[in-house]
Structure formats: structure tokens, C-alpha cells
Amino acid sequence: MKQCTLAFIGGGNMARSLIGGLITDGFNAEKIHVSDPNNENLQALSSQYPVCTFTDNTAAIADADVVILAVKPQQLQGVTRQISSKWTKNKLLISIAAGIRLDDIARWLGHNEASIVRAMPNTPSLVQAGATALCSNDFVETEQHELAESILRAVGLAIWVRHEQQMDAVTALSGSGPAYFFLVMEAMQNAGMELGLPEDTARLLALETAFGASKMALESEESACVLRQRVTSPGGTTERALDEFEQGDLRGLFSKALKAAASRAGELADQLGQDHE
């Protein structure tokens, strides 16, 4: 990765995860600025990594090539307006705040031709196993695209979507997705306990099975459908269980759930994009 200067606005868990991944990948920690009003966050970061810390957002971004907004969505408008006076055309802005649209960020920044990337990482990014979707406005140059992707790849998969409208679907699928799998793990553990297994045994078997199935799917060139068919013997135990899922319309439930999440993502984007003033 090009050794530019990065400025993180917000020093919480997601910023800390990105910083750790970048440094592990060989990025120079002294080229990373972090601004946060919480001194405890800054002290925790500086004790772990030799990054430059600030309590003034405008000072943190002054000589930065890339500014990563890692604040809560409700705080994004105020922060963006605050740094607008120090914004220059050569900078790249990356927002990892969920639900805030590109046009709203540009409006608050007061620079219509600012280079802006919107990223949607999910919580497994905290353990460098994230899935992040990115989209950009028309002013992001090729080198900036590559730079944004390399930054988010520090915590897992990073993939571009062509149209910002697809980010609501991304939110429903991968943004909220970890919770769906946690629910499945929880349900499998509880079912195992109902069948007589000790809690710890049921938990470990459910978690390791989820991990193993995901690892197989990631490392295989076959689709999930084919992998499922290969472990489903006619007349066997797996087929009997899958028949129950099908009779309960599991596929339909997932479809309804993701559509509901995507719809809510759009509603929240409309709300969060309203000007405070």
C-alpha cells in the first residue's frame, strides 16, 4: 500500500481494528493520525500503536491524504461540517458510518467534487474476518479506489458495488448478517441441549460446525447448493432435518427478513441524511 498519511476521525472499536490490520500489513504507524474527544480511547490506542493522536479533528486531517470517518452515524453530519473548512481537493474521504449517503456527505462537506467512498464493514472486521462493500462517487480516481480497497482489506474481504442503491441490500445481507448466523448458532445449541447434550458441548459443536461449514464454502469452487447436496444422503438424518426446514419455509423467512432489513436501511438513510440546521 502507498505510504500516505491516514487520519481517523473516531478512535473506537472499528477504527482500532482497521489500524491494527493496517499495521500488521506493514503500514507505518507514524503515518496514522487518530482524533477522538475521549482521552481513554486515545491512550488505549497510543499505548498499543505508535500513532499520532489528536483531540482536534481539523488538526488531525491537515496533512492527511485519506480521512476515514469512523464515528456513529448520528455524529457524522457535525463532524463533516467541522472539517469542511480544512478540506482540500486532493484528499480522499472514506465513511464507514452506516446508512449515510454519498450526496449527503458531500453536501455537509461543502465540496461538491470531493472524492468520497462509502464503506459498509460488518462486525467480524473486529477480528480481521470482515466483509466490506464499498461504493464511490464519480470524483474518486483509480488510485484512490485502489487505496480505499487496500485499507478495508486490512480487516477482511473488500468488494465494490456499482450502484449506491445496492448498499441497502449489502446492509441487509452482510451488515446485519452476522446476527442471523448468531441466531442459527444459538438455535442449534439450544436444540442440542434439548437432545441431552451439556451446554458447553452443544455450544462448541455448534460454533465449530458453523466455522467449518463456512471454511469449506470459502475454500471450495462449488456453490453452497452443491456442498449441501453432497452432505445430504437420501433417506438419511440430514435429509430429514432439511425437510423440516423446507416445510417451515426457511428460505421464505430469510427472504422476508432481508427485505425488511433493506427497507429499514433505506428509511434510516432518509432520516440520517436530513440536515440538522
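Which element gives the most to the lining of the second largest pocket? The points below take up that question after a word on the model and its strands.

1. The model is a predicted one, in which local features need pLDDT of at least 70 and side-chain atom pairs count only at pLDDT 80 or more, while totals for chains, interfaces and linings use all residues. Residues are numbered from 1 along each chain as its sequence is written, and side-chain values use heavy atoms, with hydrogens and water left out.

2. Together with helix α4, the strands β4 and β5 make a right-handed β-α-β unit, right-handed meaning that, with the strands pointing away from the viewer, the path from the first strand over the helix to the second runs clockwise.

3. Strand β5 also pairs with β6, again in the parallel sense and over four bridges, and here Leu93 has Ile116 of β6 as its bridge partner. A right-handed β-α-β unit is made by β5, α5 and β6 as well.

4. The opening question can now be answered: α4 gives the most to the lining of the second largest pocket, with four residues. This pocket has a volume of about 530 Å³, and of its 26 lining residues the closest to the centre are Gly10, Ala70, Val71, Lys72 and Gln75. The elements that give two or more residues to the lining are α1 (13-24) and α4. By class, the lining holds 13 nonpolar, eleven polar and two charged residues, where Ala, Val, Leu, Ile, Met, Phe, Trp, Tyr, Cys and Pro count as nonpolar, Asp, Glu, Lys and Arg as charged, and the others, Gly among them, as polar.

5. For the pocket terms, a 1 Å grid is laid over the protein atoms alone, and a pocket is an open set of points where a 1.4 Å probe fits, with protein on both sides within 12 Å along at least five of seven lines, while lining residues have an atom within 4 Å of a point. Grid points are joined across faces, edges and corners, and the volume is the space filled by probe spheres set on the points.

6. The count of salt bridges comes to ten, each being a side-chain nitrogen of Lys or Arg within 4 Å of a carboxyl oxygen of Asp or Glu. One of them joins the side chains of Asp275 and Arg81 (3.5 Å, N to O); Asp275 lies in the segment after α12 (250-272) and Arg81 in helix α4 (residues 73-83), so this pair ties together parts that are 194 residues apart in sequence. Asp275 is partly exposed at 37% relative accessibility, and Arg81 is partly exposed at 28%.

7. Asp104 and Arg107 form another salt bridge (2.9 Å, N to O), and both lie in helix α5 (residues 102-109), three residues apart, about one turn of the helix. Asp104 is buried, with a relative accessible area of 11%, whereas Arg107 is partly exposed at 36%. Arg81, Asp104, Arg107 and Asp275 are linked in a network of salt bridges.

8. The side chains of Arg118 and Glu164 also meet in a salt bridge (2.9 Å, N to O), which links distant parts of the chain, with Arg118 in strand β6 (residues 115-120) and Glu164 in the loop between β8 (156-160) and α7 (167-175), 46 residues apart. Arg118 is buried at 4% relative accessibility, while Glu164 is partly exposed at 21%.

Notes
Buried < 20%, exposed > 50% of the residue type's maximum accessible area, 1.4 Å probe, protein only. Pairing = 2+ DSSP bridges.
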